[in-house]
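Here is a friendly note to go with the model you are looking at. Each point can be read on its own, with the structure open beside it.

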Amino acid sequence: MTDDKKLELLYAHYRDIVDTRRNNIRYRYRYLFYILILTLLILLQTQFPADIEKLVSTLLEHILQSESIPISFQIVEFGFSFAQMLLIVRYLQISINVERSYKTTNRLEDQMNCLFGDKVFLHEGESYLENYPKFLDAIDILYKQVIPLIFVLVALMKIAALVQICLNTENFLLFQNALFAFVIIYFVVLYWWFLRESNNQEKADSQQAEN
């Protein structure tokens, strides 16, 4: 296979990964919006449970085209907690996919530059990181540290409110809500662990390249 053909294939793969990352970033914004809306509904439910129950009941009646669907506080809270857990896990999954894609594009840029004979492909690598604006650094910290920390704090608050729950029939749904909160914390910790390992690997690769 000629170098031109290799360069063509590498660039096509490179464009696919960059386009996929951009789509994932848009999805990440969307999921974050959903999480914020759902968290707001959960907070409103704690203050105005009857109104939220009526709202959910009305929505279900409209969707299912039924005249009367009674909804209890525990069922609504269970549904909100379960949906929040799924959204947060998906948000973290997308964030990890975004972070992993940068390593792949950087490696492809190095391979394409080697074939091209000059450092031309630098948009996602060196030139992007060179003189990186402080504002974007702050946004990076917001997505990697602050938002996951908020997820953990919200989950801890939920666990603290349910810490007195016993395993019995009446409180089973509330226990499930606490379990969902533990799942959120677990996946956030795994996400932070991934970021830590990635940073350590990048430092090791950088030191090896310098040597």
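In which helix do K144 and D140 both lie, and how many residues apart are they? The fourth point below has the answer.

1. **Ground rules and confidence.** This is a predicted model, in which local features need pLDDT of at least 70 and side-chain atom pairs count only at pLDDT 80 or more, while totals for chains, interfaces and linings use all residues. Residues are numbered from 1 along each chain as its sequence is written, and side-chain values use heavy atoms, with hydrogens and water left out. The predictor's confidence in each residue, pLDDT, runs from 0 to 100; its mean for the protein chain is 78, and 79% of the residues reach 70 or more. Please read helix α4 (residues 126–129) with care: confidence in the chain is lowest there, at a mean of 56, and highest in α1, at 86. Helices here are DSSP runs (H or I, at least four residues), numbered from the N terminus.

2. **The main core.** A nonpolar core is a set of buried Ala, Val, Leu, Ile, Met, Phe, Trp, Tyr and Cys residues joined through side-chain atoms within 4.5 Å. Buried means under 20% relative accessible area, exposed over 50%, and partly exposed in between (1.4 Å probe, protein chains only). The largest core has 27 residues, of which F80, Y91, F151 and I184 touch the most other members. Helices α1, α2 (49–64), α3 (73–116), α5 (134–161) and α6 (172–210) each supply at least two of its residues, and α6 gives the most, with 8. A second, separate core has 7 residues, including L7, L10, Y14 and M112.

3. **Around F80.** Leaving aside neighbours within four places in sequence, F80 is in contact (heavy atoms within 4.5 Å) with L38, L41, I42, Q45, I52 and V56. Q45 is worth a look in this list: it lies in helix α1 (residues 3–47) and counts as buried, at 1% relative accessibility.

4. **Salt bridges.** Side chains of opposite charge can pair when their charged atoms come close. With a salt bridge taken as a side-chain nitrogen of Lys or Arg within 4 Å of a carboxyl oxygen of Asp or Glu, the count comes to 4. To answer the opening question, K144 and D140 both lie in helix α5, 4 residues apart, about one turn of the helix. Their side chains meet in a salt bridge (3.3 Å, N to O); K144 counts as buried at 16% relative accessibility, whereas D140 is partly exposed at 30%. R15 and D19 also form a salt bridge (3.3 Å, N to O), and these two are about one helical turn apart because they sit 4 residues from each other in α1. R196 pairs with E197, the closest N and O atoms being 3.1 Å apart. Salt bridges that share partners join E99, D140 and K144 into one network.

5. **A nonpolar patch.** Patches of this kind join nonpolar side chains (Val, Leu, Ile, Met, Phe, Trp, Tyr) within 5 Å, using residues with over 30% relative accessible area and no salt bridge. I141, L142, V146 and I150 form one on the surface, with about 310 Å² of accessible area together (Shrake-Rupley method, 1.4 Å probe). I141, in helix α5, is partly exposed, with a relative accessible area of 47%.

Technical notes. Patches are made of residues with over 30% relative accessible area and no salt bridge: like charges are joined within 9 Å, nonpolar side chains (Val, Leu, Ile, Met, Phe, Trp, Tyr) within 5 Å.
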